[in-house]
Amino acid sequence: MLSEQFISELKARSDIEDIIGAYVNVKRRGRNLVGLCPFHSEKTPSFTVYPDSQSFYCFGCGAGGDVVTFIRQIENLDYIEAVKLLAQRAGIPMPEDGYDDSFAKLKTRILEINRETARFYHRCLISPMGKKGLDYLRGRGLSDKTIRHFGLGYAPEDWDATIRHLRTKGFNLDELSAAAVAVKSARGSYYDQFRGRVIFPIIDIRGNVIAFGGRILDGKGPKYLNSPDTPVFKKSRNLFALNFAKASKEPALILAEGYMDVVALHQAGFVNAVATLGTSLTAEQARMICQYAQEVIIAYDSDGAGQKATNRAINLFGEIGGKVRVLKVHDAKDPDEFIKKFGAVRFRLLLEGAGSAMEFEISRLRQKYDLESSDGKVEFLKEFAKFIADIRNPIERDVYVTKITEELRVSKEPLVAQIDYIIRQRAKNAERKQARDLTVFASSPKDRRDPQRDAHLKEALAEERLIGVLLKNPDYHRFILERIQPEAFLTDFNREIFRVICERVEQNRPIELIALSEQLDERQMGKVAGILADAASTGATQKETLDYIQTILAGRAKKSPEQLKQMDREELEKYVAGLAAKKK
């Protein structure tokens, strides 16, 4: 357990506005700041930072907490790692003892395993046993310099060659399994995760080898095999070659489809290329790209699957406000093939001529309808109006509308009127949604995680209000506990939060968010942040506090239909009489 003095100093030197501002584009709105949530996709800002309470809360997804909670979620760290990162940023030395750092030590051990594994694979590639892999890479046009730059390697075909090597370096089987370089069979034996594959090390922005991608050369199995998620690696939160691309002076990042595309692009001089890791682009990856570049150029394959993936990526970037252009690769299936056929100079011209995301969507729409027929034009213009309504800049909207109406030889005014109508309707819907979101304790997506709350909504609201009273008025502690104990709460989730806060007050320990984050998990911290964001519990009187308590106790006293059925006549009469007495 970290000392209160250390936590207090960490809080004083870790202003939440500065920390979150480094990750999220927030704008001041009164005393608070708002922006697009980094934890879910949205177009209307619902992420709020509260400097007064040093907390944040998203009214859309329910994420919330203190500065430590934010760092945990945004950087995918455990509690101690997040504290260490903040302490390092603030220039505060970590205490030498008083906390459990076993998980942090495991992560350090896994990074050591990955580093040694990458070295082993590379040595295998340039040795006689890796001839097959080296021939493949050279056959794809890669130079020895590029192979060394990316640390490419080869995994031997033996079942346990990697395991045997790593065991000689002092790593045990449990550690190798945690690092996902070894797999435990149903019989309890271990075998190498990668065998007979060309290896692409995946390196994070700090320079750590965090995972591997392997391309099979022959035999059975998937064409590409990627490391599963581990304590140091999450597919959805990393990008291949971002460690190199982030240092590029180019204003844009090129988003390619696979490892080989990226390696070939870098070799040709386009060092701003990145790729996802064996999965479709995720919202987390899209936000990461927007952190490092002013825009993204999507350079997926020209086949059907590539175009479908392009459309999905456009939608993801659109949801977070990212600027997108789409590369059209002519006479080649992907950037790698285009560069081999036509050279890097032609490819740069192709990049410079990449169209906007809207132009890609319009082109896709054109292919869906017969624009020579009246019906086809009508259906096209209906869908076109929906797309154009998403453009906020009226000048940009007018350019596309003018261009399309002139091409199709139709009147501009009716189309403009339809677009304006769609914009007005969407604005009304957004206002209604914002009003719903701002009702923190109304039914929302986050409530699906707590079915008890849905079943006892009135009582759950009272529980949350009572927690808010205690957080903002700890001097009410004795008044509250004389009338209700945590066991009376109807929802397990709220009961645990209430119990932790009560215990800390009784022990004269702080109940600020940064202190609570050591005991509460991310979901619980989100709930507490939501409670603090709710104005209803601010300055609550003892009478209002008593009302919350009575609501909870009354709910606890209620009998379910099943319980009523099991009562005999005398018990039922007493129960009904008690209800009647309470109403008087």
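**Note on the predicted chain: salt bridges and overall build**

1. Arg-499 and Glu-503 form a side-chain salt bridge, 2.6 Å from N to O. A salt bridge here is a side-chain nitrogen of Lys or Arg within 4 Å of a carboxyl oxygen of Asp or Glu. The two residues lie four apart in helix α23 (residues 492-506), so about one helical turn separates them. Arg-499 is partly exposed at 28% relative accessible area. Glu-503 is partly exposed too, at 30%. The classes are: buried, under 20% relative accessible area; exposed, over 50%; partly exposed, in between (1.4 Å probe, protein chains only).

2. This is a predicted model, in which local features need pLDDT of at least 70, side-chain atom pairs count only at pLDDT 80 or more, and totals for chains, interfaces and linings use all residues. Residues are numbered from 1 along each chain as its sequence is written, and side-chain values use heavy atoms, with hydrogens and water left out.

3. Helix α26 (residues 542-557) holds another pair, Asp-547 and Lys-543, four residues apart and separated by about one helical turn. Their side chains meet in a salt bridge of 3.5 Å, N to O. Lys-543 is exposed, at 59% relative accessible area. Asp-547 is partly exposed, at 32%. Elsewhere, Arg-109, Glu-112 and Glu-175 belong to one network, joined by salt bridges that share partners.

4. Asp-158 and Arg-164 also pair through their side chains, at 4.0 Å, N to O. Asp-158 is partly exposed, with 42% relative accessible area. Arg-164 is partly exposed as well, with 45%. Across the whole structure, the search finds 33 salt bridges.

5. On charge, the chain carries 91 positive and 82 negative charges, and their mean positions are 2 Å apart. Lys and Arg count as positive, Asp and Glu as negative; His and the chain ends are not counted. Each charge is placed at NZ of Lys, CZ of Arg, CG of Asp or CD of Glu.

6. On the fold, the chain has 28 helices and 16 strands. These are DSSP runs: helices H or I of at least four residues, strands E of at least two, numbered from the N terminus. The C-alpha atoms fill a box of roughly 90 × 75 × 55 Å along the principal axes. Of the 584 residues, 48% are buried.

7. Among contacts (heavy atoms within 4.5 Å) between residues at least 6 apart in sequence, 63% join residues at least 24 apart. The accessible surface comes to about 29400 Å², and 50% of this belongs to carbon and sulfur atoms. Areas come from the Shrake-Rupley method with a 1.4 Å probe.
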